[in-house]
Amino acid sequence: MILVGELSLWIALLMCAWSATLSFAGGRLRRTDLIVSGERGLYAGFGFVVLASAGLWTALLTSDFSLRYVASFTSANLPVIYKISAFWGGQAGSMLFWCLILGGYAALATWVNRRDNRVLMPWVTGTNALVLLFFVATTVFASNPFERLEWVPADGRGLNPQLQNPAMALHPPLLYLGYVATAIPFGFAIAALITRRLDAEWLGAVRRWSLVSWVFLTLGIVLGMWWAYVELGWGGYWMWDPVENASLLPWLTGTAFLHSIMIQEKRGMLRKWNVTLVVTTFLLSILGTFITRSGVIQSVHSFAQSSVGHWFATFFVLALVATVVLVSMRLKDLESPAQLEAMISREAAFLYNNLVLVGIAFSVLWGTLFPILSEWVRGTKITVGESFFNAVNVPLGLLLLALTGIGPLIAWRRASVANIQRQFAGPATLGVIAAAALFTLGIRELYPLMTWGLASFVAGTILQEFWKGIGARRTMYGEGVPMALVRLVARNRRRYGGYIVHAGIVILFAAFAGMAFRKEYDVTLRAGESTTAIDPFGRRWTFTSEGLSEFKALNRDVLTVALRPTVDGQPLPILTSEKRQHRDSRGQPTFQPSTEVGILSQQRQDVYLVLAGAIGDQAEIRINFNPLVAWVWHGGILMAIGGLIVMWPPSMRRRRQEGYVAELAPQAVAVSA
Amino acid sequence: MHPRTKFIIGGVVVLGTAGYLMAGSIQDTAVYFLTPQELEAKVLEDPGMRGTGVKVGARVVPGSVVRDSSGKAVTFQMTDGHATYQVEYRGLIPDTFSDSVDVVVEGRLGEDGVFRATTLLAKCASRYEAAPEGYSKETREGYKSAAPAAAGAEPPTP
């Protein structure tokens, strides 16, 4: 099976080359036989990547340590779940994983759309096959998971303990599912540019694939934040590390695209911009991978430097040049018939939303690449810290939050004074009241006040929309409130799904602001001793130590401390934090010791306990109070749910009855169905 | 005025503000990211560099690590093969920190030539990639001779 897997990878390489060549030739000559053969080549390419993956999984599960990859990332005593997830635990495997997802997406895109756009599809298939060809070639030549060792070790090194966490088993695949999905819209964009089919035709499919990418990226990023928070032990979830930034960049441009595409659908504007965003999102995914894999930028997350970096850099440059040439050849076809009519209009609000999102993306990219840029220009590496990102992105983020409330409610083309009063009087009042209330409660920090004020405003607009929608259904159909709510969302998935995403954003921003009030205590405790701390809400906590204890578990030695917390005299469940030393099956220590933090999660705050070390029977402990952290996860989940609702295909029956979502332009109906 | 012109003016204001914030905060937060050798050269050139906040990326000298038993302070030497500095650090020590890993320290070089770090990032090559080189050299010997001590305990080779 392992040998089959290895060979399959080579065959997949040939299949992709075949598919790309035949699809392009077929598209050019308009010959159906070539096109069909190209499609089959892609399916076959995907099939062989599946076989290769099955081969690697077999090797991992049977602990075949003759493969370098298996010996490097697993050990005989590793739990099965982590043997499975070791597939994407290292570079070579994650490259193959990337091929697997891309192959699946590309085959699916071809399968679903092959009858709809006969002119466009061969080029889509060909471009996707070409991208897949690149990934398979990189895997085969630069980072092959089937590489063998010259001897067979008795046991493998095991998986890094920090990756032995359920979130870490899920986080990379989700992120990859998101990253890789940006390739499909890229394929459509290139195909549309080549065939000059630049009207709404390609947008339906592209929008759906962008949503797929967006939902997975959202989930992947939030899960990554959660992993960093529970596993890395520094008490936060985001530190503007290059690797984190790399995942945020395509999310930002992808989000911008999902908004600007509505303007093209409704008003035919922004064609160049939309093509640019689609391509940029894909290129940022590639650049992100390059950053994380090449070692050009110092990051605590960095993978080992490897030749994969060169491959990605080459591919990035080629794709960039190809797109720039194509777009400049098609500038005339990308002219928009309509123009902006008024500053106070939905178009303008969306344009500003795009401007801000792209501005944030640019500043994040700039800050991430600054060490390289400064080395080119001035000869020394200069880095910028977290405060750079916060200084730029907090104000931009607040502007974005305000637009989240304004954009969906303001009228198209030109908003009247009456429209503005009707839509915004209530929510604006709510925002001002909320900010004033918080001010009287003693909160004086500007940014948190603004965040919570604006968040209340946006929440007001969303609630008002639901309220009006439910009210309308109740009078029209006489439905009860729960039924009206369900039908309202189900019948207008795009609109109300979008509001649910916005609600998630509001919660997320409000939660971010909470971290401005975090508190930290460093204490040393013997068994029986206790310490007091005041949390950000002014409540009095005591922590009584139960002492340190040592024990052995399946694959590790553990030193643990237990604290008994009380708040205002009320006892709470015990909190523990551990230092772990992992061992392989022969009892030898593997990796450095790792820390397991203890978290007491409440809705208003997390109490975050870290065992820093021990002197004899004294435990050195850090206690953090992190306000509102739980809401980061709630907000993230809500965003993903909203995204799924938007994405969910309408049922066949309803599609036939009512056509696709009424908001779509008529030409797009056939494509997106 | 044409709405498009107005929009462009608005856009310029937004992006201008963003650019101004970026430029301003780069001035405030940018720090040199040097190797020990470059730090030495900079200090020779301009003694004012002592006491200026810098980031240094270097390798820990094996055997030089002295941990305070509390687990919250450490001293060690860092080097790039050309220059070596003594480093003092107070704070939580990352799990990945050990002898002979790559570190990035941020802090100031004191008049006494000791680097006082306020942040310590340990970048272990094997953190997510279990350095295959470690296999082909030391670890391999370890397995061959079946000497139990060698297996995973060895730090990956540079």
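The model is a predicted one. Chain A holds 21 helices and eleven strands, and its radius of gyration of 27 Å agrees with the value near 26 Å that a compact globule of 673 residues would have. Of the helix pairs described below, one joins chain A to chain B, through H14(A) and H1(B), while H6(A) with H12(A) and H18(A) with H19(A) lie within chain A.

**Overall form and domains**

- Contact between the two domains of chain A involves six residues of domain 1 and seven residues of domain 2; on the domain 1 side, the touching residues divide by class into one nonpolar, three polar and two charged.
- In chain B the assignment gives domain 1 as residues 1-30 and domain 2 as residues 31-123, with 38 Å between the two centres, again taken over C-alpha atoms.

**The helix pair between the chains**

- The crossing of H14(A) and H1(B) is right-handed.
- On the chain A side, the residues that meet H1(B) are A:Ser387, A:Phe388, A:Ala391, A:Val392, A:Pro395 and A:Leu396, and on the chain B side their counterparts in H1(B) are B:Ala18, B:Leu21, B:Met22, B:Ser25, B:Ile26 and B:Thr29.
- Divided by class, this contact of H14(A) with H1(B) has nine nonpolar and three polar residues, and no charged residues.

**Helix pairs within chain A**

- The axes of H6(A), residues 121-142, and H12(A), residues 308-329, come within 10 Å and cross at roughly 155°, and the two helices are therefore roughly antiparallel to each other.
- The crossing of H6(A) and H12(A) is right-handed, and the contact is made by A:Phe134, A:Thr138 and A:Ala142 of H6(A) together with A:Val308, A:Trp311 and A:Phe315 of H12(A).
- By class, the residues in the contact of H6(A) with H12(A) comprise five nonpolar and one polar, with no charged residues.
- The axes of H18(A), residues 493-514, and H19(A), residues 629-647, come within 7 Å and cross at roughly 165°, so that these helices too are roughly antiparallel to each other.
- H18(A) passes H19(A) in a left-handed crossing, and the residues of their contact divide into 16 nonpolar, eight polar and two charged.

Note on methods
Residues are numbered from 1 along each chain as its sequence is written. Chains are lettered from A and ligands numbered from 1 in the order in which they are written. This is a predicted model: local features need pLDDT of at least 70, side-chain atom pairs count only at pLDDT 80 or more; totals for chains, interfaces and linings use all residues. Axes are lines fitted to C-alpha atoms, for helices over the stretch in contact, and angles run from 0 to 180 degrees between N-to-C directions. Helices (H or I, at least four residues) and strands (E, at least two) are DSSP runs, numbered from the N terminus. A crossing is left-handed if the near helix is turned anticlockwise from the far one by less than a right angle, and right-handed if clockwise. Ala, Val, Leu, Ile, Met, Phe, Trp, Tyr, Cys and Pro count as nonpolar, Asp, Glu, Lys and Arg as charged, and the others, Gly among them, as polar. The radius of gyration is taken over C-alpha atoms; the globule rule is 2.2 Å times the number of residues to the power 0.38. Angles under 35 degrees count as roughly parallel, over 145 as roughly antiparallel, 65 to 115 as roughly perpendicular and the rest as oblique. Domain bounds come from an automatic or database domain assignment.
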